[in-house]
Amino acid sequence: MPPHKPLPFDPIAEARRQWTAHGWGETADGMAAITSLMRAQQIVLGRVDEVLRPFELTFARYEVLMLLLFSREGRLPLNRIGVRLQVHPTSVTSAVDRLETRGHVRRIPHPTDRRAILAEITDEGRATALAATEKLNGTVFADLGLPEGGIDTLVGLLNEMRRTAGDF
């Protein structure tokens, strides 16, 4: 449910109309696509944040927990976490700091590289990750508000956009 009363018109469609009226018609579709994508991201992030708030997690911290949960040994070097999640090392350090404070992960020395530190998921972190996933699966991931086949179409289009940008 939106935190505000829905508008009686689509503001992005109106922006597209204005874009064209101001002489930028050749880029109006691209502007509308990007603006729609950004607004959809705000909507989804709001839903995800609402679910994760009781677990005292952000989506970034949740991603770190899930990456560690899925790793073979439940631990990874901090630099590998950054590479896998495609985030800056400072963001990894911040997320791991917060997770460590909550008892969800612990830092341990790398067994063969004295310069590297591993983040290791704790039993508490594992339980929190699984509980948060159950909640996300039931309230967000199971219903994105798209028609039949819409998820596959959306993922395919976004994958193409990411591939073209050099994401993978």
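Visitor: Which residues lie nearest the centre of the largest pocket, and how many line it?

Guide: The lining has 25 residues, and Q41, V44, L144, L154 and L158 are the ones nearest the centre. Keep in mind that this is a predicted model.

Visitor: What makes up the lining of the largest pocket, in terms of elements?

Guide: Helix 2 (25-52), helix 3 (59-70), helix 6 (123-141) and helix 7 (150-164) each give two or more residues. Helix 2 provides the largest share, with eight residues. As for volume, the pocket comes to about 1000 Å³.

Visitor: OK, on to L99. Why is L99 called buried?

Guide: Buried means under 20% relative accessible area. L99 has 1%, so L99 is buried. You'll find L99 in helix 5 (residues 89-101).

Visitor: What does L99 touch, leaving out residues up to four places away in sequence?

Guide: L57, R61, V64, L65, H104 and V105. To count as a contact, heavy atoms have to be within 4.5 Å. As for A119, that residue is 20 residues from L99 in sequence, and the two are 9.7 Å apart in space, going C-alpha to C-alpha.

Visitor: H104 turned up in that list. What makes H104 buried?

Guide: The cut-off again: under 20% is buried. H104 has a relative accessible area of 1%, so H104 is buried. H104 lies in the loop between helix 5 and strand 2. With residues up to four places away in sequence left out, H104 touches several residues, including F55, L57, L65, L99 and E120.

Visitor: Now helix 4. Which of its residues are buried?

Guide: In helix 4 (residues 78-85), look for L78, I81, G82 and L85.

Visitor: How do you know that they sit on the same side of helix 4?

Guide: Because they cover an arc of only 100 degrees around the axis, they end up on the same side of helix 4. On the other side, N79 and V83 are exposed, and exposed means over 50% relative accessible area.

Visitor: What do the buried residues of helix 4 pack against?

Guide: They pack against helix 3, strand 1 (75-77), helix 5, strand 2 (105-109) and strand 3 (117-121).

Terms used. Residues numbered from 1 in each chain as written. Predicted model: local features only at pLDDT ≥ 70, side-chain atom pairs only at ≥ 80, totals over all residues. Heavy atoms only, no water. Helix = DSSP H or I, 4+ residues; strand = E, 2+ residues; numbered from the N terminus. Buried < 20%, exposed > 50% of the residue type's maximum accessible area, 1.4 Å probe, protein only. 1 Å grid on protein atoms, 1.4 Å probe; cavity = no way out; pocket = protein on both sides within 12 Å on 5 of 7 lines; lining within 4 Å. Points joined across faces, edges and corners; volume = space filled by probe spheres on them. Arc of directions from axis to C-beta.
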